[in-house]
Amino acid sequence: MGLLSLSIWMPIVFGLILLALGRDEQAGAVRWIALAAAVLSFIVTLPLVSGFDASTAAMQFAENLPWIERFNVRYHLGVDGLSVWFVLLTAFITVIVVIAGWEVIETRVNQYMGAFLILSGLMVGVFSALDGMLFYVFFEATLIPMYIIIGIWGGPRRVYAAFKFFLYTLLGSLLMLIALIYLYTKSGGSFDILTWHKLPLAMPAQTLLFFAFFAAFSVKVPMWPVHTWLPDAHVEAPTGGSVVLAAIMLKLGAYGFLRFSLPITPDASHAWAGFVITLSLIAVLYIGLVALVQGDMKKLVAYSSIAHMGFVTLGFFIFTDLGVAGGIVQMISHGFVSGAMFLCIGVLYDRVHSREIAAYGGVVNTMPKFAAFAVLFAMANCGLPGTSGFVGEWMVILGAVQYNFWIGLLAATTLVFGAAYTLWMVKRVYFGKVANDDVKALVDLNKREFFMFVLLAAGVLWMGLYPKPFTDVMQTSVTELLKHVAVSKLN
């Protein structure tokens with residue numbers, strides 16, 4: 001069993017073991033087993049980056065075994081510069097989520113921790129799969145634990161939010177399944193994704209495939225106008241669910257564009273780039289304005305996520321090194337920043353049991369350590385230089401200006417909206433006089449919470465001050481992808 005298989009199956013096996021420990025009297029042991037499993041799974045992913053050869057765009061740490069031989073479906077795994085960081089990020093965020101739920105979750109602790117560990121392994125599988133059917137199985141299977149997490153530990157409207165999340169994402173994925181079956185027949189009975197990259201497809205077929213993939217991945221990102229499930233899911237999900245949803249699950253859709261849409265349908269991608277860029281700009285402009293009027297902190301950060309992911313799809317479809325690499329950097333950064341923002345809201349909610357901005361004011365007076373972290377993450381959300389939030393957005397804006405000045409200008413003005421809605425929330429929640437007795441009674445971070453925020457702050461600052469290790473790993477793969485996309489399959 002290779003490193004990728006260990007990264008996938010170790011958390012899944014531990015998750016299943018936790019599900020077998022069914023009584024809440026065992027909650028203490030469950031928490032420690034979950035933490036050990038998450039940390040071990042993270043350690044297993046470290047050699048993927050430390051041993052990664054950044055000079056080649058070839059798949060590394062590959063595993064290729066027969067699975068369903070009758071249909072030539074293979075257990076084929078591998079990572080390149082486009083995917084390796086997301087394996088590491090998934091394992092890292094899982095550790096954070098286990099620590100975050102340590103004291104907050106008091107009932108069905110085994111199911112809660114088990115669901116997150118299983119979800120972690122499935123998401124690593126999505127980023128590692130090089131067989132189309134294997135990718136589809138992992139991609140769809142991630143819905144089940146997240147549906148359970150929202151439906152059991154969520155808020156008052158959790159069942160509605162869980163159904164909406166499940167149905168939206170499932171519907172788009174059915175079209176992707178049809179596309180995968182078409183590619184299987186077209187390639188002579190192969191589900192190998194790398195083989196599909198070389199298929200000579202006519203423009204009508206490329207267009208249909210492009211929109212089949214677009215239906216699946218745009219909902220997952222989510223892009224406007226199929227974004228409406230996300231605010232509901234975030235508001236009703238428990239804190240850990242919101243963190244994983246924003247930090248990792250949204251990236252599954254964006255990653256799908258890189259692995260399927262661009263390399264398999266390059267001509268259709270170029271032909272419909274203007275359409276995707278328009279939707280991306282609407283996301284960063286319109287959704288930024290929607291975020292400005294939110295009174296619920298979770299909804300505000302949820303809409304903020306949609307706007308930030310709009311930068312990602314914009315970067316991918318301007319077909320420049322800076323744009324694509326910037327989009328990937330933005331995805332990694334968003335994993336740190338959005339996860340941290342939702343954890344900050346969770347810390348306040350655990351103490352006051354309200355997400356409304358109006359319920360707070362002057363938090364810095366009673367929770368100075370927490371406020372320092374919260375303001376740092378808010379600045380990163382604004383794209384402040386020196387934080388991870390700046391790097392990806394700046395690269396995408398530079399690439400957009402190279403592509404078209406007006407598109408670059410529109411993308412750049414959205415940074416103003418980002419600063420406006422984020423700083424508005426920070427001012428109302430953290431600064432000023434103590435607003436009420438609830439805020440007056442607040443207790444600052446405990447050691448567990450402090451450690452959790454230190455880890456995230458380290459990621460935000462490391463990526464903001466020294467992004468070279470991140471960009472170096474992905475650069476060769478990005479260049480190779482753009483060369484492939486630039487060559488028309490119709491010639």
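Predicted model: local features only at pLDDT ≥ 70, side-chain atom pairs only at ≥ 80, totals over all residues.
Colleague: How much space lies in the largest cavity?
Modeller: About 80 Å³. A cavity here is a set of points, on a 1 Å grid over the protein atoms alone, where a 1.4 Å probe fits but cannot get out. Points are joined across faces, edges and corners, and the volume is the space filled by probe spheres set on them.

Colleague: What lines the largest cavity?
Modeller: There are 13 lining residues, meaning residues with an atom within 4 Å of a point. His-308, Phe-311, Thr-414, Gly-418 and Tyr-421 lie nearest the centre.

Colleague: Which helix gives the largest share of that lining?
Modeller: α19, with five residues. α13, α14, α17 and α19 each supply at least two. Helices are DSSP runs (H or I, at least four residues), numbered from the N terminus.

Colleague: Switching to Leu-285. Which helix is it in?
Modeller: α13. Leu-285 counts as partly exposed because its relative accessibility is 23%. The classes use a 1.4 Å probe on protein chains only: buried is under 20%, exposed over 50%, partly exposed in between.

Colleague: What does Leu-285 touch?
Modeller: Leu-410, Thr-413, Thr-414 and Phe-417, not counting residues up to four places away in sequence. Contact means heavy atoms within 4.5 Å. The C-alpha atoms of Leu-285 and Thr-413 are separated by 8.3 Å, though the two are 128 residues apart along the chain.

Colleague: Where is the kink in α15 centred?
Modeller: On His-334, at about 30°. That bend is the angle between axes fitted to the seven residues ending there and the seven starting there.

Colleague: How many residues of α15 are buried?
Modeller: 27 of 32.

Colleague: Which residues touch the most other members of the largest nonpolar core?
Modeller: Phe-316 and Phe-370, out of 184 residues. α15 gives the most to this core, with 17. A core is a set of buried Ala, Val, Leu, Ile, Met, Phe, Trp, Tyr and Cys residues joined through side-chain atoms within 4.5 Å.

How values were computed. Residues numbered from 1 in each chain as written. Heavy atoms only, no water. 1 Å grid on protein atoms, 1.4 Å probe; cavity = no way out; pocket = protein on both sides within 12 Å on 5 of 7 lines; lining within 4 Å.
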